[in-house]
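Keep the structure open as you read.

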Amino acid sequence: MSPLRYLLAAAVLFAFVLDESSSQAQLTPDFYNTTCPNASNIILGVLQNAFNSDIRITASLIRLHFHDCFVNGCDGSILLDNVANDTSIDSEKFSMANNNSARGFEVVDAMKAALESACPGIVSCADILAIASEQSVNLSGGPSWTVPLGRRDGRTANRSLADQNLPTPFQTLDLLKGRFTNVGLNDNTDLVALSGAHTFGRAQCQFFSQRLFNFNGTGNPDPTLNATLLAQLQQLCPQGGNGSVLTNLDLSTPDGFDNDYFSNLQANNGLLQSDQELFSTPGADTIPIVNNFSSNETAFFESFAVSMIRMGNLSLLTGTQGEIRSNCRRVNANNLSTRSSSDGGLVSSI
C-alpha cells in the first residue's frame with residue numbers, strides 16, 4: 001500500500017469512528033459483495049467511456065452527489081424528473097443551483113442500465129452517485145477511498161428545499177457556514193475540503209459576473225479579485241453578455257484534481273465569490289486551513305476523503321426504507337405506471 005493510500009485508509013477508519021453510534025453505521029464497503037460483486041467495475045467502465053469524450057464529466061458527477069446529499073440526505077432525489085399527477089416530486093433539477101447547470105444525468109442513466117442488466121434491483125441510484133464521485137476524483141488524479149455503501153433511494157424530490165439548503169456562489173462565509181452546519185457538516189474543515197472539489201470543472205458567467213462590474217451595488221468590481229483575472233473575465237463575460245459562457249474553476253490545472261485551488265485563493269484567483277471568501281474574509285478560521293491545504297496536498301486529500309464520507313452519510317435511507325429504483329429518473333411506482341400507459345404521457349422529462 002502506498003503511503004498516501006495508507007493515510008487515506010486511516011482517514012476512512014477515522015470517519016467510521018466518528019459516525020459509529022448513528023444510523024450511518026449501517027453502511028458498509030462490502031454491501032454488494034455477494035449481490036452485485038462487479039458493481040464498482042461496471043460503474044467505472046461507463047465512467048471511463050464517458051470521460052474519454054467529455055473530460056468535464058468527473059466534476060459534473062461529484063457535483064450531483066454534493067447537491068443530492070444537501071437536500072434530504074443522500075437519497076438520489078436530484079435525479080428525479082417531474083411526473084404529471086405526482087405532487088410528491090418537485091424536481092430539484094429546476095432549483096436555482098441546478099437549473100441549466102447540473103449535468104451528467106445521461107451518464108448516471110447508463111450506469112444504472114448496465115447495473116440493472118447485471119444485477120437487477122440491487123444497486124441504488126444514491127450509491128451510484130457515491131461510487132462515481134470517488135472514481136471521478138481518482139480518475140482525475142485525486143485520492144481514492146473506500147466508499148461505504150447500502151444507501152436506498154428516496155421517493156420524493158423537493159425543489160424549494162434545494163433552494164434553501166444548497167450553498168450558492170454568491171454567499172458570504174457566514175452564510176456558507178450556515179448551509180454546512182444546517183445539514184450536519186462542520187463549518188471549517190468540511191467546508192474548505194469539500195470546496196476543494198472546485199479544483200476541476202467549469203462555471204458559467206452567471207455565477208460570478210456579479211463580481212466583475214458592480215459588486216454588492218458598489219459600482220466597482222470585487223476588491224478581492226485579482227486584477228489580471230478580473231480583466232480576463234470582463235472580456236469573457238461583458239455586461240449584458242451570455243451568462244452561459246463557461247470558464248475554468250481552476251486557472252492552472254482545470255481538469256486535474258490537486259491542491260492548486262487553494263494556491264489560487266491565496267493569489268486572489270478564486271473564480272466564485274464563495275471560493276474566495278474562504279481566504280479573503282478577515283480573521284476567518286478557514287484561512288489557516290486554506291494555507292495548510294495549499295502547502296500540503298496530502299493533508300487536503302486526507303481531509304477531502306473524510307469529508308466526502310461524512311457528507312455521503314447525511315440523512316440516509318437504509319434497510320427497508322425507500323426503495324431501489326429501476327430507473328434513476330422515476331420512483332418505481334411511476335415507472336410501472338409509465339410502462340402500463342398506452343401513450344407514455346405521464347413523464348415530463350427535461
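This is a predicted model. Its largest cavity is lined by His65, Ala130, Ser133, Glu134, Trp145, Val147, Pro148, Arg151, Met308, Ile309 and Gly312. Two elements, α5 (125-139) and α13, each give two or more residues to that lining.

**The cavity**
- The largest cavity holds about 70 Å³ of space.
- Sorted by class, its lining has six nonpolar, three polar and two charged residues.

**The largest pocket**
- Two or more lining residues come from each of α3 (57-69), α6 (159-165), α7 (173-183), α8, β3 (202-204), α11 and α13.
- Helix α3 gives the largest share of this lining, with six residues.
- The pocket lining has 24 nonpolar residues, along with nine polar and seven charged ones.

**Helix α12**
- Which residues of helix α12 (residues 287-295) are buried? They are Ile287, Ile289, Val290, Phe293 and Ser294.
- Viewed down the axis of α12, these buried residues fall within an arc of 160°, so they line one face of the helix.
- The packing partners of the buried α12 residues are α8 (189-195), α10 (260-266), α11 (273-280) and α13 (297-312).

**Where the topics meet**
- Helix α13 packs against the buried residues of α12, gives two or more residues to the lining of the largest cavity, and also gives two or more to that of the largest pocket.

Methods: Residues are numbered from 1 along each chain as its sequence is written. This is a predicted model: local features need pLDDT of at least 70, side-chain atom pairs count only at pLDDT 80 or more; totals for chains, interfaces and linings use all residues. Side-chain values use heavy atoms; hydrogens and water are left out. Buried means under 20% relative accessible area, exposed over 50%, partly exposed in between (1.4 Å probe, protein chains only). Helices (H or I, at least four residues) and strands (E, at least two) are DSSP runs, numbered from the N terminus. The arc is that of the directions from the helix axis to the C-beta atoms. Contact means heavy atoms within 4.5 Å. On a 1 Å grid over the protein atoms alone, a cavity is a set of points where a 1.4 Å probe fits but cannot get out, and a pocket is an open set with protein on both sides within 12 Å along at least five of seven lines; lining residues have an atom within 4 Å of a point. Grid points are joined across faces, edges and corners, and a volume is the space filled by probe spheres set on the points. Ala, Val, Leu, Ile, Met, Phe, Trp, Tyr, Cys and Pro count as nonpolar, Asp, Glu, Lys and Arg as charged, and the others, Gly among them, as polar.
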